Amino acid sequence: MLRDSNFPRFDVFPITGALGAEVRGIDLAAGPDEATFEDLRRALHVYHVLAVREQNLSPETFHVVARRFGPFSGNPVHQPIDGFEDIVRFIREPDDTGKVIGEEWHMDLAWLDKPPGITMLYGEVVPPVGGDTCFSSLERAYESLSPRMVALLEGLTAIHSGRG
C-alpha cells in the first residue's frame with residue numbers, strides 16, 4: 001500500500017486514484033495538537049474523503065472533533081440525539097429491508113443557503129458485508145468534461161431545492 005509521505009505526523013494511504021485515503025496513527029479522542037489536526041485538515045483537502053478507523057468516540061468527543069473542522073451548518077431534516085444538535089444517529093437493523101433516506105447518490109443538505117463543508121460519519125456497528133457508503137468527486141467529474149461541455153455549462157446557473 002502506497003503511503004503519502006507529505007503527512008509525517010500520521011500515516012495516510014490513498015484508497016483510489018480519484019479520492020479517498022485511509023488515515024492511521026491518530027487518536028481523535030485524545031485531542032491531537034493543533035499542528036497534527038491542521039495536517040488532518042490538509043489531508044481532507046487533498047483527498048476529500050478520509051477513513052480514520054478504529055476510533056473510540058463518545059458523542060462528546062465526536063462533537064469536539066467535528067467542531068475543530070468548523071461550525072455546524074444546521075440540519076433541518078433529521079432529529080439529533082439529546083444534548084447534541086450536530087449528531088444524528090441512524091440505526092439500521094439486519095431485518096430492515098425498506099429504503100432509507102440518502103440511499104441514492106446525494107449531497108448532504110446541499111440545498112441549504114449555507115450547506116455543510118464536510119460530513120462526518122461514525123460507524124458503531126458495521127456489518128461484515130454491505131453497509132458501506134460510496135463517494136464520488138464532482139471536481140473530478142467536472143475536470144473530465146470536454147472543453148465544449150465546459151463552455152456550454154459555464155454561463156448556466158443551477159438551483160438545488162430540498163422540495164420533493
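A residue is taken as buried when its relative accessible area is under 20%. By this cut-off Thr-36 is buried, because its relative accessible area is 12%. The model shown in all views is predicted.

View 1. Thr-36 is found in helix α1. With residues up to four places away in sequence left out, Thr-36 touches Arg-9, Phe-10 and Ile-26. The relative accessible area of 12% places Thr-36 among the buried residues.

**View 2. Helix α1 and its buried face.** Helix α1 covers residues 34-47, and its 14 residues should span 20 Å at 1.5 Å a residue. The end C-alpha atoms are 20 Å apart, in agreement with that expectation. The buried residues of α1 are Thr-36, Phe-37, Asp-39, Leu-40, Ala-43, Leu-44 and Tyr-47. Viewed down the helix axis, these buried residues fall within an arc of 155 degrees, so they line one face of α1. The elements that cover them include the strands β1 (11-14), β2 (21-24) and β3 (50-52), together with helix α2 (59-69).

**View 3. Salt bridges of Asp-39.** Asp-39 forms a salt bridge with Arg-9, in which the closest N and O atoms are 2.7 Å apart. This pair links distant parts of the chain, since Asp-39 belongs to helix α1 and Arg-9 to the segment before β1, 30 residues apart. Asp-39 is buried, with a relative accessible area of 8%, whereas Arg-9 is partly exposed at 44%. The side chain of Asp-39 also meets that of Arg-42 in a salt bridge, with an N to O distance of 3.2 Å. Asp-39 and Arg-42 are three residues apart in helix α1, which means that about one helical turn separates them. In an α-helix there are 3.6 residues a turn, so residues three or four places apart point the same way. Arg-42 has a relative accessibility of 33% and therefore counts as partly exposed.

View 4. Arg-68 and Glu-34 form a salt bridge, the closest N and O atoms being 3.3 Å apart. Because Arg-68 lies in helix α2 and Glu-34 in helix α1, the pair ties together parts that are 34 residues apart in sequence. Both partners count as partly exposed: Arg-68 has a relative accessibility of 23%, and Glu-34 has one of 46%.

View 5. Arg-42, at 33% relative accessibility, is partly exposed. Elsewhere, salt bridges that share partners join Glu-34, Glu-38, Arg-41 and Arg-68 into one network. Across the whole structure, a search finds eleven salt bridges.

**View 6. A nonpolar surface patch.** Tyr-142, Leu-145, Met-149, Leu-152, Leu-153 and Leu-156 make a nonpolar surface patch of about 540 Å². Helix α4, which covers residues 147-154, gives the most to this patch, with three residues. Leu-156 is found in the segment after α4. Leu-156 counts as exposed, because its relative accessibility is 57% and the cut-off for exposed residues is over 50%.

Terms used. Residues are numbered from 1 along each chain as its sequence is written. This is a predicted model: local features need pLDDT of at least 70, side-chain atom pairs count only at pLDDT 80 or more; totals for chains, interfaces and linings use all residues. Side-chain values use heavy atoms; hydrogens and water are left out. Patches are made of residues with over 30% relative accessible area and no salt bridge: like charges are joined within 9 Å, nonpolar side chains (Val, Leu, Ile, Met, Phe, Trp, Tyr) within 5 Å. Accessible areas come from the Shrake-Rupley method with a 1.4 Å probe; for residues, only the protein chains shown count as cover. A salt bridge is a side-chain nitrogen of Lys or Arg within 4 Å of a carboxyl oxygen of Asp or Glu. Helices (H or I, at least four residues) and strands (E, at least two) are DSSP runs, numbered from the N terminus. Buried means under 20% relative accessible area, exposed over 50%, partly exposed in between (1.4 Å probe, protein chains only). The expected span of a helix is 1.5 Å times one less than its number of residues. The arc is that of the directions from the helix axis to the C-beta atoms. Contact means heavy atoms within 4.5 Å.
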